[in-house]
Amino acid sequence: MIEVRRVYFTYPGGVEALRNINLAIGKGELVAIMGENGAGKTTLIKMFNGLLKPTKGCVVVDGVDTKETSVAELSRKVGIVFQNPEHQLFAETIEDEIAFALRNFGLPEGEIARRIDSILKFTGLEKYRGLSPFTLSGGEKKRLALASILVFDPDYLVLDEPTIGQDPEQKDRLLDFLLEVNRRGKTIVMVTHDVEFVAECKPRVILMRRGEIIADGPAEKILIDEELMRSTSLLPPQISLFASKLNLHRSGYALLNVDDAFKILLNFLRDECLC
Amino acid sequence: MLSFLEVFRFRRRDSPIHRMDPRVKALYVFVASIISIIYYSLTAMITIFISTIPLIAIAKVHREWIRSLRGALFLTSMIVVVNMFAGYLSGGLTLTVETVSYAFSMGLRFLTFTSIFSIFFLTTTPEDLSLALEKLKVPYDYCFAFTSAIRFVPDLALEIQTVIDAQRSRGLELEKGNIVRRIRNYIPILIPVFIRSFTRSIELAEAMEARGYGASEKRTSIYELNMKHSDYAIASFLLCILAISILLRVYANWY
């Protein structure tokens, strides 16, 4: 469990990025942190593996205060995939890139080789294994960055804007991929602006604005609240906006994506036909 | 970790010093530097150093100023130690009062330079700097290269920090191992930073060309530098000070 207790954070320049954040993320949860630019989302996730330490309050990961341990130690548990893969790719080959973290954590070479094989298969990067990371396309680099974290099997997988620069097909694959990882019992926390993507995975949604959490609840409740979403420069998913226009949400339905709409529409049509 | 890069970050403020014409400030740097070079006694150095403090106070940049002085402290102490050691060796293995005072004044000279240049760089916007360079007939390409280099320092610092964060999240421990190992630890930081810098400069060049950079021979600026009466007054005052200092040094043999 990641517990954030009454955390305040001020950057050395004097910018107050987090204010009184209270949060608990349990094992196996699927969480999306959303909010406008500069709301403090990235700052918050950097607290999870100790890259940033709270100015006030504390962050506790599986019972250990982040102030009392090293980033390297915490990273084995909390794997953060940064937004821009170009900030981390450096190795000569894709295999080496993936092996980097494993070598840092001191795993035996045999184990490293085995893990690389399986992660390359899992992410569909197998055919590139001997190539330089810099020959990959933007989307592939992003997947490689994800693979390089996923390979050390952290209990908590934290992703900063995972859908940026991915085409719709890749997004679909990423979605299946994250849901699969989540099914295997891993906690997934993603920071994103991509409302449609969140509407597809229906996680717990945490909304942030100006360094504070303004809402925390299931996607079905938060994403359809247009006023709340707009207050942090977001919009509900298109299907939800459409459903609002039809006053469907008031009748107790929460429509987030095409599948939801399809089911409800099908029911209506059936009722019509039966009558 | 990257606080030394903070020195280059310009923060917009408003004060009489900030509003002063950059050419007059450049003249100040020139005059003050000449004086600190031609004089060398401890008393003179202390006087010049103290004379920079009111300017810092008027410009309200004392926090940044202290930071740059702190950054210069290590080199300062090196200068003092080396000078003292050299004086000790050449003085027949004895330390005289003159040697010690000379060593300290050399160290103080370095701090004074830091202070003088801080006044200039902490209160002059990159745009003003570029305009001033243009007025001094420096070709615009060089002005632009210079000011954009300064302007990108904060971005670069941010980027280095992000890369460090990303690699630490993959278990990289920068402080681990012996000296060779520690240098090797920086490879995963340096490669992404270099590659990003190249990409960034190519992108910048393309974006500038797309906006017509270099299309016309003669550039005009929205803002023109204009010397105010106060600027002329200060410039004349500075030149007087310079003249008096040189006269005192040459004819009265003050040092």
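**Note on aromatic contacts**

1. A:Lys56 lies over the face of A:Tyr8, 4.5 Å from the ring centre. A charge sits over a ring if NZ of Lys or CZ of Arg is within 6 Å of the ring centre and within 35 degrees of the ring normal. A:Arg184 places its charged end over the ring of A:Phe122, at 4.9 Å from the centre.

2. This is a predicted model; local features need pLDDT of at least 70, side-chain atom pairs count only at pLDDT 80 or more, and totals for chains, interfaces and linings use all residues. Side-chain values use heavy atoms, without hydrogens and water, residues are numbered from 1 along each chain as its sequence is written, and chains are lettered from A and ligands numbered from 1 in the order in which they are written.

3. Rings of Phe, Tyr and Trp (its six-membered ring) pair if their centres lie within 6.5 Å; planes under 30 degrees apart are stacked, over 60 edge-to-face, the rest tilted. The count is 11 aromatic pairs over all chains. A:Phe9 and A:Tyr11 are edge-to-face, because their planes stand at 85°, with ring centres 4.8 Å apart.

4. A:Phe9 is buried at 7% relative accessible area. A:Tyr11 is partly exposed at 29%. Buried means under 20%, exposed over 50%, partly exposed in between (1.4 Å probe, protein chains only).

5. A:Phe90 and A:Phe100 have planes at 80° and centres 4.9 Å apart, so this pair is edge-to-face. Both residues are buried.

6. In chain B, one aromatic cluster is formed by B:Tyr140, B:Phe144 and B:Tyr213.
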